[in-house]
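My plan is to look up a handful of spots and write down what turns up.

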Amino acid sequence: MPTYTLKINNKTHTVEADMDTPLLWVLRDQINLVGTKFGCGIGQCGACTIHVNGNAMRSCLLQVSQAAGMEITTIEGLSEHGDHPVQLAWKEVDVPQCGYCQAGQIMTASAFLKHNPSPKDLDIRNAMHGNICRCAAYNSIEEAVKVASKKIG
């Protein structure tokens, strides 16, 4: 089985996996970073969103062989103490209901705000539309992204 060296949350990990293994399963099963959730396995729900070289990406679609040499950040690596502006805004607005999708939502929002720190409402909706929330907390999610943008800006 091939060996891959991955840089995840500023730490180097060496893993063994078939080349087409989704990074999601390596994160969860080998590195024990379980904040990244499995939702659909086909890249439609966003529960498995991570940052790859600073951009939001679905870890269920990224093969471990493709991830070698990239800067990967999971929800656990977004901030050491849970004090990233998006995480603080999520708490302030009290977004989570069941909470399952929240890591992916936060990772999408944080990557979006990094590139667009002063978004308009439509920008937020367009950026977040690919993340599904079973509890339909979309209004709270949009509000939290607005709050976070003020914390960042």
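Predicted model: local features only at pLDDT ≥ 70, side-chain atom pairs only at ≥ 80, totals over all residues.

**Entry 1: T49.** I started with T49, which sits in strand 3. Is T49 buried or exposed? T49 comes out at 2% relative accessibility, and buried means under 20%, so T49 counts as buried. I then looked up what T49 is in contact with, leaving aside neighbours within four places in sequence, and got A56, M57, R58, G104, M107, T108 and N131. I also checked T49 against T36: they are 13 residues apart in sequence, and their C-alpha atoms are 6.9 Å apart in space.

**Entry 2: the rest of strand 3.** Next I went along strand 3, residues 49-52, to see which way each residue points. T49 and H51 go one way, I50 and V52 go the other, and all of them are buried.

Which strands does strand 3 pair with? I found strand 4 (residues 55-58), antiparallel to strand 3 and joined to it by 4 bridges. I also found strand 5 (residues 71-73), again antiparallel, with 2 bridges to strand 3. V52 is a handy residue for seeing both pairings: its bridge partner in strand 4 is N55, and its bridge partner in strand 5 is I72.

**Entry 3: the turn at N53.** The hairpin of strand 3 and strand 4 has 2 residues between the strands. N53 is in that loop, and I noted its positive phi of about 50°, although N53 is not a glycine. At 47% relative accessibility, N53 counts as partly exposed, because that class runs between 20% and 50%.

Entry 4: A136 lies in the loop between helix 6 and helix 7. Its relative accessibility is 52%, and exposed means over 50%, so A136 counts as exposed. N32, which follows helix 1, has a positive phi too, near 65°.

**Entry 5: helix 1.** While I was there, I looked at helix 1 itself, residues 23-30. L23, L24, V26 and L27 are buried in this helix. What covers them? The cover includes strand 1 (3-8), strand 2 (11-16), strand 3, helix 2 (64-67) and strand 5.

**Entry 6: the nonpolar cores.** Which residues touch the most other members of the largest nonpolar core? I got V86, W90, I141 and V145, out of 22 residues in that core. The elements giving two or more residues to this core are helix 3 (75-78), helix 4 (85-93), helix 5 (102-115), helix 6 (121-128) and helix 7 (138-152). Helix 5 gives the most, with 6 residues. I followed up on I141, not counting residues up to four places away in sequence, and found that I141 touches W90, V95, Q105, M128 and C133. There is also a second, separate core of 16 residues, and L23 and L27 turn up in it, along with Y4 and L33 among others.

**Entry 7: E142.** Buried or exposed? E142 has 17% relative accessibility, under the 20% limit, so E142 counts as buried. Setting aside neighbours within four places in sequence, E142 is in contact with I124 and R125.

**Entry 8: C101.** C101 is in the loop between helix 4 and helix 5. C101 counts as buried because its relative accessibility is 9%. Apart from neighbours within four places in sequence, its contacts are I132 and C133. C101 and G39 are 62 residues apart in sequence and 8.1 Å apart in space, C-alpha to C-alpha.

Entry 9: How many cavities of 30 Å³ or more does a search of the whole structure find? The search finds 1, and the largest cavity has a volume of about 30 Å³. I listed its lining residues: L24, K37, F38, G39, C40, G41, G43, C45, G46, C48 and C60. By class, that lining has 6 nonpolar, 4 polar and 1 charged residues. Two of those names were already in my notes: L24 is buried in helix 1, and G39 is the residue I checked against C101.

How values were computed: Residues numbered from 1 in each chain as written. Heavy atoms only, no water. 1 Å grid on protein atoms, 1.4 Å probe; cavity = no way out; pocket = protein on both sides within 12 Å on 5 of 7 lines; lining within 4 Å. Points joined across faces, edges and corners; volume = space filled by probe spheres on them. Nonpolar A, V, L, I, M, F, W, Y, C, P; charged D, E, K, R; others polar. Buried < 20%, exposed > 50% of the residue type's maximum accessible area, 1.4 Å probe, protein only. Pairing = 2+ DSSP bridges. Core = buried A, V, L, I, M, F, W, Y, C linked by side-chain atoms within 4.5 Å. Contact = heavy atoms within 4.5 Å.
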